[in-house]
Amino acid sequence: MKVAFYDAKDYETPLFRRYGEKYGLTFKFLETKLNADTAALARGCDAVCVFVNDDVNAEVIDRLSAEKIGVLALRCAGYNNVDLRHAFGKLHVVRVPAYSPYAVAEHTMALLLTSVRRIHKAYNRTREFNFSLSGLTGSDLHGKTVGVVGTGKIGKVFLEICRGFGMKTVAFDKFPSLEGVEYVTADELFRRSDVISLHCPLTEETYHFIGRETLPSLKKGVILLNTSRGALIDAEALLEGIKSRIVGAACLDVYEEESDLFFRDVSGHILEDDVLARLISMPNVIVTSHQAFLTEEALEEIAKTTAENLAAYFKGEPLENELCYNCGSVEECRKKRREKCF
Ligand code: NAI
């Protein structure tokens, strides 16, 4: 079976080739992202495989259906880039629900430590034999309060890591599920947290979770961590928050307008995005380009699960990792475990 593999990167193609051989899948690796203009490149394929910044909107879904594509395999956990409602009945959508929550949670802590201990500055200094300590004073994490938004797989691991550092923890989740965690309202979390880390999905409800209206509720000097999805934070409001000193630091692995920039080398080009350019210019902002997932362990698991999902579809087996617009809606989800969504 042939799979059009959009937005292919050199760090993943060897693994997918290996798992493809094992499961009888031939991947057609495409450098371009999936959108309405590139959907036709899937012609002659039986399936499509996409990542976080491929835009699977209604038009793209119709074009893929016209090309007789029956299944879309997300090689990621988040699915905010897919119009699931429109896909229902046309395209089965499978994903990798979990690969390594440790990869993302550990990267989040790496960003936090880099920020509070000024490692990014020290690294650049010592490379130029500047051994001065001026301006490198950090702060202890021990005793500080971290507010975790979304205590699912990644949020839970991040909470545990923070506890290991002797931090106090509070959490906000629409569906609180962890024992021994102090769940509070979003407002209380904003008021109490020295560090806020976002680990909830991007939905209509969580869009701009941190925005202009929320800024006044934040503790002055708060450190914001976002390794979830860019649009959880209104980037322009964040810039204002930094300039007005409400936000003490921001560590971003994701950015709301990342899709045309992240995962690419644009260092030889003029950056058109003034908000991102200004954020990156700030001494208290650290940006990584959606790399929190990028560990050997996670890549292996992503390739394995994606190949298994596709193989199950082609063999007509139940699709354990299928998604539809009903999935996740506790009261409405009709999918019985190990069946298909439609
Ligand atoms: P998960 O599904 O295990 O946990 C999500 C949690 O968010 C759940 O506890 C859920 O109840 C909660 N939640 C849902 N709606 C909410 C709302 N409106 N307000 C507050 N909480 C809400 O997901 P997991 O695996 O922990 O991933 C979290 C997010 O991390 C994903 O949605 C994805 O966007 C992002 N991610 C980022 C990666 C990166 O490389 N930067 C890699 C993998 C995931």
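Modeller: One term comes before the close-up. A polar contact is a pair of N or O atoms within 3.5 Å, and within protein one must be able to donate a hydrogen and the other to accept it. Bear in mind that this is a predicted model.

Start with N53. The side chains of N53 and E258 are joined by a polar contact of 3.1 Å. N53 sits in a loop, the one between strand 3 (47-50) and helix 2 (58-66). Is N53 buried or exposed? N53 is buried, because its relative accessible area is 13%, and the cut-off for buried is under 20%. Neighbours within four places in sequence aside, N53 touches K33, N81, E258, S259 and F263.

Now step back to the whole chain. The domain assignment gives domain 1 as 2-99 + 296-327 and domain 2 as 101-287. Twelve residues from domain 1 and nine residues from domain 2 make the contact. Between the C-alpha centres of the two domains there are 30 Å.

Next comes the area. The size of an interface is often given as the accessible area lost when the parts come together. Here, domain 1 and domain 2 bury about 920 Å² between them. Carbon and sulfur atoms give 56% of that area. On the domain 1 side, K33, N53 and N80 lose the most area to domain 2. Together these three account for 45% of what that side buries.

What kinds of residue face domain 2? The side of domain 1 that touches it has seven nonpolar, three polar and two charged residues. Three residue pairs are in polar contact across the interface of domain 1 and domain 2.

Go back to F263, one of the contacts of N53. F263 lies in the loop between strand 10 (247-252) and helix 9 (274-281). Its phi is positive, about 75°, although F263 is not a glycine. F263 is buried as well, with a relative accessible area of 17%.

One more residue has a positive phi. H290 is not a glycine either, and its phi is near 55°. H290 is placed in the loop between strand 11 (285-287) and helix 10 (296-314). At 7% relative accessibility, H290 counts as buried.

Definitions and conventions: Residues numbered from 1 in each chain as written. Predicted model: local features only at pLDDT ≥ 70, side-chain atom pairs only at ≥ 80, totals over all residues. Heavy atoms only, no water. Domains from an automatic or database assignment. Contact = heavy atoms within 4.5 Å. Buried area = accessible area lost by both parts, 1.4 Å probe. Nonpolar A, V, L, I, M, F, W, Y, C, P; charged D, E, K, R; others polar. Helix = DSSP H or I, 4+ residues; strand = E, 2+ residues; numbered from the N terminus. Buried < 20%, exposed > 50% of the residue type's maximum accessible area, 1.4 Å probe, protein only.
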